[in-house]
Amino acid sequence: MYHLNLPSISIPDLKKTPLTVQRTVTNVGDTDSIYKAMGESPPGVNMVVEPSLLQFNASTMTHTFAVTFTPLQMVQGDFNFGSLTWIDDGKHAVRIPIAVRVIMHDFFSDTS
């Protein structure tokens, strides 16, 4: 479910342990491009992107990266939002919206 290569990341049940999702991107810009990750973590969540730099050239047009999410506080709550933006030399910015909900317990009556 988490590894569908969608242009967004949604985690409805982040628990105590870190969760890592992967995405694959294809360069549609200049052949020789370098993109740097700029993350805005959802409140209450630590977010780490690896690698944080994607270098494209004529032979490497796709890259896979991983984003690891770790809850900073254990509070049963609603979704919190953030984003990951890949930026090259000011020509392009590719934004990936992120939604994360930290949970302590699974409730059968929880429908959100």
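**View 1. Arginine 95 sits in strand S8, which covers residues 93-102.** This is a predicted model, in which local features need a pLDDT of at least 70 and side-chain atom pairs count only at pLDDT 80 or more, while totals for chains, interfaces and linings use all residues. Residues are numbered from 1 along each chain as its sequence is written, and side-chain values use heavy atoms, with hydrogens and water left out. Strands here are DSSP runs of E with at least two residues, helices are runs of H or I with at least four, and both are numbered from the N terminus. Is arginine 95 buried or exposed? Arginine 95 counts as exposed because its relative accessibility is 54%; the cut-offs are under 20% relative accessible area for buried and over 50% for exposed, with partly exposed in between (1.4 Å probe, protein chains only). Not counting residues up to four places away in sequence, arginine 95 touches Gly82, Ser83, Leu84 and Thr85, where contact means heavy atoms within 4.5 Å.

**View 2. Serine 83 belongs to strand S7, residues 80-87.** Serine 83 counts as buried, because its relative accessibility is 5%. Which residues are in contact with serine 83, leaving aside its neighbours within four places in sequence? They are Met38, Gly39, Glu40, Met47, Arg95, Ile96 and Ile98.

**View 3. Five strands make an open sheet in the order S1-S8-S7-S3-S5, with mixed pairing.** Its edges are strand S1 (9-14) and strand S5 (53-56), each of which pairs on one side only. From one strand to the next, the twist averages 20 degrees; axes are lines fitted to C-alpha atoms (for helices, over the stretch in contact), and angles run from 0 to 180 degrees between N-to-C directions. Two strands are said to pair if DSSP finds at least two bridges between them. Within this sheet, S7 and S8 run antiparallel and are joined by eight bridges. Threonine 85 has arginine 95, in S8, as its bridge partner.

**View 4. Three strands form a second open sheet, ordered S2-S6-S4, with antiparallel pairing.** Strand S2 (19-26) and strand S4 (45-50) are its edge strands, each pairing on one side only. The twist here averages 25 degrees from one strand to the next. On one flank, S2 and S6 pair in the antiparallel sense over eight bridges, with threonine 24 partnered by threonine 64 in S6. On the other flank, six bridges join S4 to S6 (residues 62-71), again antiparallel. Valine 48 stands opposite threonine 68 in S6, and glutamate 50 stands opposite alanine 66 in that strand.

**View 5. Valine 21 is a residue of strand S2.** Valine 21 counts as buried because its relative accessible area is 1%. How far apart are the C-alpha atoms of valine 21 and valine 67? They are separated by 5.4 Å, although the two residues are 46 apart along the chain.

**View 6. A cis peptide bond links glutamate 50 to proline 51.** Its omega is near -10 degrees. Proline 51 is found in the loop between S4 and S5.

**View 7. The whole chain holds eight strands and zero helices.** The C-alpha trace spans about 50 × 25 × 20 Å along its principal axes. Of the 112 residues, 31% count as buried. Among contacts between residues at least 6 apart in sequence, 61% join residues at least 24 apart. The protein exposes about 7,000 Å², with carbon and sulfur atoms supplying 56% of it; areas come from the Shrake-Rupley method with a 1.4 Å probe, and for residues only the protein chains shown count as cover. There are 7 positive and 10 negative side chains, and the centres of the two sets lie 5 Å apart. For that tally, Lys and Arg count as positive, Asp and Glu as negative, and His and the chain ends are not counted; each charge is placed at NZ of Lys, CZ of Arg, CG of Asp or CD of Glu.
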